[in-house]
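Q: I would like to go through this protein with you, one topic at a time. Could you take a look at it?

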Amino acid sequence: KERFDAAERALARAIELAPRHADAVLVLALVRLQKGDGIGARRVLDDADRRGVEDAELLALNATLARRMNDPSRALPLLDRALGLDPGHAPARLARAELRAEAGDRAGAIADYQELLRHGPSPTDAARIRDRIEKLQ
């Protein structure tokens, strides 16, 4: 616990000095998650967003937290923004495909799954993605 607290203090100080440093924000959010503080992690990510930190990884993590907190309507716009910054961000693409499928947007989900296939996933992942496409058709 002491290590996490020390890391949290050091990262918070680093963000004070460089408020737009995406890596420091990401690691601070992950430290808070490791400590079991999902709300604190989300606050770190939301604060960075308000400061104008644009980073696909931060947006995707924030969307993951929104999904875990049963807030899919908040997650989808975050994933859209993440993919706008990095269209090849596979975790964001997969999460968006899953959210679209859950919301009944079969065409959107299939399009995202097909985009994942275009980026050459492993054979195992490709088989899973094709299976998901088949179930949506």
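Q: To begin, how many helices and how many strands does the protein have?
A: This is a predicted model. The protein in it has eight helices and zero strands. Read from the N terminus, the elements follow the order α-α-α-α-α-α-α-α.

Q: What does the C-alpha trace span along its principal axes?
A: The C-alpha trace spans about 50 × 30 × 30 Å along those axes.

Q: And what share of the residues counts as buried?
A: The protein has 137 residues, and 38% of them count as buried.

Q: Let us turn to packing. At what angle do H1 and H2 pack?
A: H1 and H2 pack at an angle of about 155°, and their axes are 9 Å apart. Angles over 145 degrees count as roughly antiparallel, and H1 and H2 are therefore roughly antiparallel to each other. H1 passes H2 in a left-handed crossing.

Q: Which residues make that contact?
A: From H1, the contact involves Phe-4, Ala-7, Glu-8, Leu-11, Ala-12, Ala-14 and Ile-15. From H2, it involves Ala-24, Val-25, Val-27, Leu-28, Val-31, Arg-32 and Gln-34. By class, the contact of H1 with H2 has 11 nonpolar residues, one polar and two charged.

Q: Arg-32 is in that list. Is Arg-32 buried or exposed?
A: Arg-32 is buried, because its relative accessible area is 17%, and buried means under 20%. Arg-32 is found in helix H2, which covers residues 22-34.

Q: What does Arg-32 touch?
A: Setting aside residues up to four places away in sequence, Arg-32 touches Glu-8, Asp-37, Gly-40, Ala-41 and Val-44.

Q: Moving on, how do H3 and H4 pack?
A: The angle between H3 and H4 is about 140°, with their axes 10 Å apart. That makes H3 oblique to H4. The crossing of H3 and H4 is left-handed.

Q: Which residues are involved there?
A: H3 contributes Gly-38, Ala-41, Arg-42, Leu-45, Asp-46 and Asp-49. H4 contributes Leu-58, Leu-59, Leu-61, Asn-62, Leu-65 and Ala-66. The contact of H3 with H4 has seven nonpolar, two polar and three charged residues.

Q: What about Ile-39, is it buried or exposed?
A: Ile-39 is exposed, with a relative accessible area of 57%. Ile-39 is found in helix H3, residues 38-50. The C-alpha atoms of Ile-39 and Leu-17 are separated by 23 Å, and these two residues are 22 residues apart along the chain.

Q: Next, how do H4 and H5 cross?
A: The axes of H4 (residues 56-68) and H5 (residues 72-85) come within 8 Å and cross at roughly 165°. That makes H4 roughly antiparallel to H5. H4 passes H5 in a left-handed crossing. The residues in contact include Ala-56, Leu-59 and Ala-63 of H4, and Pro-72, Leu-78 and Leu-85 of H5. By class, the contact of H4 with H5 has 11 nonpolar, one polar and three charged residues.

Q: Where is Asn-70?
A: Asn-70 lies in the loop between H4 and H5. Asn-70 has a positive phi of about 60°, although it is not a glycine. Asn-70 is exposed, with a relative accessible area of 67%.

Q: What is Ala-29 in contact with?
A: Leaving aside neighbours within four places in sequence, Ala-29 is in contact with Ala-41, Val-44, Leu-45 and Leu-61.

Technical notes:
Residues are numbered from 1 along each chain as its sequence is written. This is a predicted model: local features need pLDDT of at least 70, side-chain atom pairs count only at pLDDT 80 or more; totals for chains, interfaces and linings use all residues. Side-chain values use heavy atoms; hydrogens and water are left out. Helices (H or I, at least four residues) and strands (E, at least two) are DSSP runs, numbered from the N terminus. Buried means under 20% relative accessible area, exposed over 50%, partly exposed in between (1.4 Å probe, protein chains only). Contact means heavy atoms within 4.5 Å. Axes are lines fitted to C-alpha atoms, for helices over the stretch in contact, and angles run from 0 to 180 degrees between N-to-C directions. Angles under 35 degrees count as roughly parallel, over 145 as roughly antiparallel, 65 to 115 as roughly perpendicular and the rest as oblique. A crossing is left-handed if the near helix is turned anticlockwise from the far one by less than a right angle, and right-handed if clockwise. Ala, Val, Leu, Ile, Met, Phe, Trp, Tyr, Cys and Pro count as nonpolar, Asp, Glu, Lys and Arg as charged, and the others, Gly among them, as polar.
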